[in-house]
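Please open the structure in a viewer and keep the selection tool at hand.

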Amino acid sequence: MQNQDIKIPVLYHEPIHLLREDSIIYTLRNGEPPRSDIIICGDSLDVLRSLPDNYVQSIITSPPYFNQRDYSHELQIGHERFLTEYISHLRIIFSECKRVLAESGILWLNIGDKYTDGELMGVPWEVALSLKASGWILRSDIIWHKPNAMPSSVKNRPTPDHEYLFMFTKSRDYYYNADAVREPHVTFTDQSKMKGGRSHFGVKDGTPEKGKNQGNSNLHRGRWDQAFHPLGRNKRTVWSIPLSKFRDAHFAVFPESLVETCIKASSKPTDLILDPFCGSGTSLAVARKLSRRFIGIDINSDYCKIAQNRVSSIQVDLLFGEDPFQSA
Ligand SMILES: C[S@@+](CC[C@H](N)C(=O)[O-])C[C@H]1O[C@@H](n2cnc3c(N)ncnc32)[C@H](O)[C@@H]1O
């Protein structure tokens with residue numbers, strides 16, 4: 001294994017007729033596999049259209065929220081006048097993502113909500129149901145609980161401290177590594193009320209005779225082992241993760257541990273991860289740390305540079321041989 005400190009390239013995605021012959025898009029159009037570990041500066045839809053079918057194993061992304069921030073580009077998503085227009089833009093972009101995603105792949109989609117005239121718009125669910133209607137399979141709605149969410153001055157409703165993360169697939173037969181993201185069994189902590197615990201593993205007719213699971217028929221006759229997997233319990237749908245500390249001129253940055261769970265559950269080392277709204281490059285940085293390959297797309301060239309610097313500074317153990325950019 002080798003540590004490398006290399007500069008990840010940023011490709012400036014120009015209209016097709018202006019492309020140079022050595023550009024990645026030219027390579028794609030000639031049917032050769034594109035190089036990965038790249039940040040492409042351009043409009044998501046435009047860039048996605050140039051990527052091959054069934055190409056990436058996992059997509060992790062957070063598009064701009066509806067009418068919240070200005071990302072300083074005329075083609076930016078999120079500045080539509082009406083919610084219906086915003087949703088239809090996302091639906092078109094995510095249809096393209098679906099084509100690019102492997103049959104066994106997973107899309108993890110984080111979307112924030114918004115109040116207008118004192119009323120919650122329900123944007124995340126509007127988007128999720130629209131994607132479902134367009135053929136995506138909605139496998140899970142995950143609550144990202146933010147323990148350090150900003151306090152607010154509202155007094156007539158609870159202060160929001162969560163967002164949604166949706167898990168979508170293209171087919172019913174997809175890759176999901178439950179063991180990579182297991183969490184500790186609460187019943188085996190010091191505070192546990194469970195008595196008997198691990199001593200029941202592998203014991204025929206082993207049944208918890210005390211504690212809160214006493215007499216639970218699901219735990220009789222060896223099913224105890226299944227219910228209490230030695231690597232931990234299956235990942236739950238509420239993830240409590242503080243907001244990111246990485247604030248390099250960019251808002252709405254993903255926390256790394258949120259992305260880490262998604263990548264570990266939905267891909268293997270060397271697999272290709274895509275973030276079509278990569279911003280400061282959190283998904284790309286985590287992909288690199290976990291020895292996955294990545295393609296990031298963002299329309300704002302300042303963010304592309306921030307992502308480039310962030311990702312390039314990551315020292316990586318090359319599990320998969322020579323880095324393509326070392327010799328490029
Ligand atoms: C919510 S931010 C993503 C933040 C990212 N998850 C991170 O951790 O830094 C959304 C990003 O989408 C980009 N964006 C907006 N419209 C776009 C478009 N049409 N094509 C590509 N990127 C776009 C913005 O520049 C912004 O960086």
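The model shown here is predicted. Begin by selecting S291, the residue that follows helix α7 and has a positive phi, near 65 degrees.

Next, select helix α7 itself, residues 282-289. Are its residues mostly buried or exposed? Seven of the eight are buried, so α7 is largely enclosed by the rest of the structure.

Keep T282 selected and turn to the ligand. T282 is one of the residues that come nearest to the ligand, together with Y71, F277, G279 and S280. These five belong to a group of 22 residues around the ligand. Colouring that shell by class gives twelve nonpolar, eight polar and two charged residues.

Now move to a pair of helices: select α3, residues 83-100, and α4, residues 123-133. How do these two helices lie relative to each other? Their axes come within 10 Å and cross at roughly 45 degrees; α3 and α4 are therefore oblique to each other. In this crossing, which is right-handed, α3 passes α4.

To see where the two helices meet, select L83, I87, L90, R91 and F94 on α3, then V123, E126, V127, S130 and L131 on α4. Colour this contact of α3 with α4 by class as well: seven of its residues are nonpolar, one is polar and two are charged. The tour ends at this contact.

Definitions and conventions. Residues numbered from 1 in each chain as written. Predicted model: local features only at pLDDT ≥ 70, side-chain atom pairs only at ≥ 80, totals over all residues. Near = placed C-beta within 6 Å. Nonpolar A, V, L, I, M, F, W, Y, C, P; charged D, E, K, R; others polar. Axes fitted to C-alpha atoms, helices over the stretch in contact; angles between N-to-C directions. Helix = DSSP H or I, 4+ residues; strand = E, 2+ residues; numbered from the N terminus. Parallel < 35°, antiparallel > 145°, perpendicular 65-115°, else oblique. Left-handed = near helix turned anticlockwise from the far one by under 90°. Contact = placed C-beta atoms within 7 Å. Buried ≥ 20, exposed ≤ 12 C-beta atoms within 10 Å, placed from the backbone.
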